[in-house]
Amino acid sequence: MTDQLTTTEPLSFDGTLLHPGDPGWDDARRAWQLRADQHPAAIVRAGSVRDVITTVRRAAELGLRVAPQATGHNAGPLGPLDGTALLRTGDLRDVTIDPQRRIARVGAGALWGDVTVAAAEHGLAALAGSSRDVGVVGYTLGGGVSWLGRAHGPAAGQVTAAEIVTADGELLRVDDEHHPDLFWAIRGGGGSFGVVTALEFRLFPITEVQAGALFWPIERAAEVLHAWREWADEVPDTVTSVGRLLRFPPLPEIPEPVRGRSLVAIELASLEGPVATELLLRRLRALGPEMDTVHSQSPVDLADLHMDPPTPVPGIGDGTGLAAFPVESLDALLATVGPGSTLPPLLSVEIRQLGGALARPVGAVSGLDAAVVVFAVTIAPDDGAAAAATTTLDALASALAPWAAESTYLNFVERAGTRTFPAATLRRLRSVKTTYDPADRIRANHPVAPFGPAGS
Ligand SMILES: Cc1cc2nc3c(=O)[nH]c(=O)nc-3n(C[C@H](O)[C@H](O)[C@H](O)COP(=O)(O)OP(=O)(O)OC[C@H]3O[C@@H](n4cnc5c(N)ncnc54)[C@H](O)[C@@H]3O)c2cc1C
């Protein structure tokens, strides 16, 4: 093994090849998740699909692994990346919309903001993530829960084809008819199976949604979240909502109305028209929210609804899927992280409503047949803050354990070790991995290992 990707002969890249200490090294190894401290053997900032192929082939010759990464939103579980070439795809941001077929084709580094804006120019919408700078490929390989999810299912369910460089450096086009096993695995199984260089997926003729958030002081968390739990159980699949505890720090970059405040919020997006949505909201509005931002908007603006950080942050968080979401599970959550809790506080604890079309089987997508997924996160600028946050995250996971689903939705798992696939799905994924990457060359944040020689 060597740490020089160029030892045997000079390579030419359309992008850039970097080794430790080169100018730009620290910038290239930095993930969106600033707590990830990545120290790969080399970094390729791919400028073309040819660069992806060259990287995979040369890494194989040198005994290095390859970790594709677009933004580094979920870099936490990847680890320090020793013996690995980090393949940054962020410059491959091509987006093409075919308005007649309602299909988007995107490169490996496209962000959701690139797609939603381009699609909206044709009156179309995508099953985008809550944040404009999440990578389309990483999000979709994990499943993809959007604000339109209960109506239209996970984003992976709309993928019609993918182009993928496998561990032996071959570029394949996969769809229902070509390499269907690989096509199944990449829709929900994550990034273990090759480097995806293009994705094609269906868009929807949606130009308007009713969306926004209702806020109350956090002291009313029990009353509001219990009412939301019952309400969410009854609304049609055209409505996707989140119940949330928020403790905003007193920082200047936080908008003035919520800066330094602790609140309970209900965020929602509805594909019902304005009148029907008003009717649906009556029960929640009867609780007298102190702020109410629900209004008619373009699907592009859904990227602001969840108030995700617009720039990289040192975050620490994790998710837990709940097979059922009875009153007692919500009480357990509130007792652990609600207003009376004495544990170190978290910036956000959200309960994402699943159900509807999200529960329908799609490829290897796992964890979305749960009732809800709870995701808790906070900012941890130093190790002390991270340790404090870990105490609370662990306490929350223990409190929710009686209702935990068999596996937790991949994209909301940010710590290594959480179970992300049911046993049968994992077996099938490992079989696909063994076929396409028996030497475990491609390194993913949520890895699927090939079977060993004895089938272990
Ligand atoms: C602020 C924020 C908001 C989010 N909102 C949502 C949301 O609304 N819904 C939701 O479902 N999830 C959401 N997520 C989770 C998000 O989907 C995952 O973090 C996802 O992995 C991000 O993909 P990425 O490419 O941006 O990140 P990266 O860290 O770059 O990639 C994650 C993993 O994807 C794989 N991967 C990426 N690119 C490729 C490629 N070209 N080929 C093969 N494998 C690849 C790799 O295994 C990589 O380690 C959010 C996360 C954050 C931090």
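Predicted model: local features only at pLDDT ≥ 70, side-chain atom pairs only at ≥ 80, totals over all residues.

Tutor: Across the interface of domain 1 and domain 3, five residue pairs are in polar contact, both partners at pLDDT 80 or more. A polar contact here is a pair of N or O atoms within 3.5 Å; within protein, one must be able to donate a hydrogen and the other to accept it, and residues adjacent in sequence count only if both atoms are side-chain atoms.

Side-chain values use heavy atoms, with hydrogens and water left out, and residues are numbered from 1 along each chain as its sequence is written.

The same rule-based look finds one salt bridge across the interface of domain 1 and domain 3, a salt bridge being a side-chain nitrogen of Lys or Arg within 4 Å of a carboxyl oxygen of Asp or Glu. The side chains of Arg35 and Asp383 also meet in a salt bridge, at 2.8 Å from N to O.

As for the bounds, the domain assignment (automatic or from a database) gives domain 1 as 16-88, domain 2 as 95-205 and domain 3 as 209-412. Five residues of domain 1 and 13 residues of domain 3 take part in the contact, meaning heavy atoms within 4.5 Å. Taken over C-alpha atoms, the centres of domain 1 and domain 3 are 33 Å apart.

Now the area: about 670 Å² is buried between domain 1 and domain 3, with carbon and sulfur atoms giving 52% of it. That's the accessible area (1.4 Å probe) that two parts lose on being put together, summed over both. Of what domain 1 buries against domain 3, Trp32, Leu34 and Arg35 supply 81%, more than any other three residues.

Domain 1 also has a share in a pocket. The second largest pocket lies between domain 1 and domain 2, because both give residues to its lining. For the grid work, take a 1 Å grid over the protein atoms alone: a pocket is an open set of points with protein on both sides within 12 Å along at least five of seven lines, and lining residues have an atom within 4 Å of a point. Points are joined across faces, edges and corners, and a volume is the space filled by probe spheres set on them. This pocket comes to about 400 Å³. Its lining has 19 residues, and Arg30, Arg45, Ala70, Thr71 and Arg88 are the closest to its centre. By class, that lining splits into seven nonpolar, five polar and seven charged.

Technical notes
1 Å grid on protein atoms, 1.4 Å probe; cavity = no way out; pocket = protein on both sides within 12 Å on 5 of 7 lines; lining within 4 Å. Nonpolar A, V, L, I, M, F, W, Y, C, P; charged D, E, K, R; others polar.
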